[in-house]
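Subject: Structure handover

Hello,

I am passing this structure on to you. Please have it open while you read the notes below it.

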Amino acid sequence: MEKIRIQDDLYTYVNQETLDKLVIPDDQPATGGFQTLAVEVEKLMIGEFNEMCANNSYPNSYLENACKLFKIAKNAEKKEADGITPALRNVAILNDIKNLKDLSASYKALMLKRIPLPFNLSVDTDMKNTKQHCVCIQGPSVILPDASYYKPEMAQQKEMILGIWTNVARMIIAKTDLSPEDQNKYIEDTLAFDAILGGLVKTSEEWSEYVKMYNPTKTSRVASFVKTLNLKKILKSLFDCIPETIIVTEPRYFKSFVTVLNEETFELYKHWAYVKAILASCELLSEELRELGGMYYRTIAGIKAGTPIEKFAYHLASGMYSEPVGLYYGEKYFGEEAKKDITEIVYQIIDTYKTRIQNNDILEPATKEKAILKLSKIGVKMGYPDKVQDIYAKLTFNENDSLFDIVRSLGQIRLLESLSKLNEPTNPEKWQMPGHMVNACYDPFVNDITFPAAILQPPFYSIKQTRSENLGGIGAVIGHEISHAFDSNGAKCDENGNINNWWTKLDERKFKSKVNAMIKQFDGIELPWGKVNGKFIVSENMADNGGMAVTLEIMSKTEGASYEEYFTNWAKVWCIKAKPEYLQLLLNLDVHGPSILRANMPPRNFPEWYSTFKVKNTDKMYIAPSKRVVIW
């Protein structure tokens, strides 16, 4: 086998030995990098849950409730005895809905039972005034992984995947009390209603431009869009008031709503709602149904086996009580010394970013001033929060109920709490991610970054790693998240997180040309599992580029810095071994680029890459200077 040269493929050169050894678990589509760390945290916390349960000793009432839910979810005998009955009781409400008028009157009840609806109403942050909440309306989800699969060029994949779904749905619906004739009719109608939705709801690429979700519309106008239902009656039932304005997130869908739901399609909707509700319930029912319920996704993602019951139970419990579980993990496994060190890196990156903005050659002084102000106001959430939100004290349940009923009741508490927030101010102290999650994020509508404790470990970060390794790992990831403040989406929000155009017209044009250059750098790259859509992943690519730019500048001022260690650890972070089916799915669903490109593309834009490894124009990881892109 020909030896890979680092000048031709940084990712494979650094990770080949690891990739050869990695074995994808039967119940996972991928392993390595983020996934490996997540599995390690998962094993650790399952051990913690089991120990707490065995000793009947809990640090607080939140963890006690989480562990009780964990035990109930693991009880296969109890779930077997309950069978499909809890789900059938839940969908029985559909029998009482005879027409569109009934549907309007029962909207809240259906919502609380998690029965799929023809549109979804929610309370969220107002993107133009982030101190207050607003009502948002959007369409339902489709059967296929994404609405893009309904395009003519995806016809072959569409038919194949719908065939898989249909086979799984038939096996599950056969367990209900419907007659064989009705089973066929319900599934056929579900597919027919889904076909209507498929041509109207947004694709993942469209959702990736999140500022375009903000379409404030007079409630009377929205009511005219959805005139086959009584919107004002629905709003009154949810909020005890009728808001003047609603944020329409999917204008195309709502402008065509009367073709989606009318007297002729009403029965299609009811059967679609029934089938989707039953399929979504499976994970909370018997082990046989949980296995069947996961078969569709496992098949299209190339996963061999279902999630073991203990893992399933842990994820259900730790998800429902995410903040208390994350706080427990953070306090026990994330030290103050590490928190202090990583926080210093964060502020060093922010300060360096300010300098880079000040010296940037594409911005006018007025725009630079606003950008630096935005950097000065970035909030930093590192490790885990100091306390949990009040909602967790309300998440109690009757242990004698079925798992399905317990989870539904907890979901109702969360939903009602969310709806009650409409006329309350937003809470900028709320964490977007719990401490035990291996991930990080930037919230454009709060203007803050969150780094859970679980990601702050090797290869991303260690107090024992060199500063060069940490800068190539967590440093570049921190820089990545900060860069989201100035990506193709974040740049449209000001220092308070409000949608607000703070750019001069000239600067905006120059910035857009940089965005287009980044799109072009990735667009159309052919990989064994498909072609890359540069527009879809541009915001994440801009963030990777910015994260590398700012940390390389810090490297230039760091005594004893090793660029070899920096680039090597950068490549380690993105190591992943995945099933081809899963990689193909990610191309259509994930706003992040494929890992091999995240490792290999950003370095090519920076002179340090070329000087460190003597990269020449005959090497595969060479880009001509005129095609290199550095935005920040």
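This is a predicted model: local features need pLDDT of at least 70, side-chain atom pairs count only at pLDDT 80 or more; totals for chains, interfaces and linings use all residues.

Residues are numbered from 1 along each chain as its sequence is written, and side-chain values use heavy atoms, with hydrogens and water left out.

Helices (H or I, at least four residues) and strands (E, at least two) are DSSP runs numbered from the N terminus. Two strands pair if DSSP finds at least two bridges between them.

An open sheet of three strands has the order β6-β8-β7, with mixed pairing. β6 (379–383) and β7 (441–443) each have a single partner strand and stand at the edges, so one side of each has no neighbour in the sheet. From one strand to the next, the twist averages 15 degrees; angles run from 0 to 180 degrees between N-to-C directions, and axes are lines fitted to C-alpha atoms, for helices over the stretch in contact. β7 and β8 (residues 448–452) run antiparallel and are joined by three bridges, with Cys441 partnered by Thr450 in β8. Helix α24 (residues 467–483) packs on this sheet and touches β7 and β8; its direction makes about 145 degrees with that of β8. Contact means heavy atoms within 4.5 Å.

Elsewhere, β2 (residues 120–126) and β3 (residues 129–138) pair antiparallel over seven bridges, and a hairpin joins β2 to β3 through two residues. Asn120 stands opposite Gln138 in β3. β3 also runs parallel to β5 (residues 245–248), joined by two bridges; here Ile137 stands opposite Val248.

Helices α3 (residues 61–74) and α18 (residues 309–320) pack at about 150 degrees, their axes 8 Å apart. They are therefore roughly antiparallel (angles over 145 degrees). Among the residues that meet are Leu69 and Phe70 in α3, and Phe312 and Leu316 in α18. The contact divides into 11 nonpolar residues, no polar and two charged (Ala, Val, Leu, Ile, Met, Phe, Trp, Tyr, Cys and Pro count as nonpolar, Asp, Glu, Lys and Arg as charged, the others, Gly among them, as polar).

Last, Phe536 lies in the loop between β10 (530–531) and α26 (538–556). Phe536 is buried, at 4% relative accessible area (buried means under 20%, with a 1.4 Å probe and protein chains only). Beyond its neighbours within four places in sequence, its contacts include Ser204, Glu205 and Leu589.

Regards

Technical notes
Buried means under 20% relative accessible area, exposed over 50%, partly exposed in between (1.4 Å probe, protein chains only). Angles under 35 degrees count as roughly parallel, over 145 as roughly antiparallel, 65 to 115 as roughly perpendicular and the rest as oblique.
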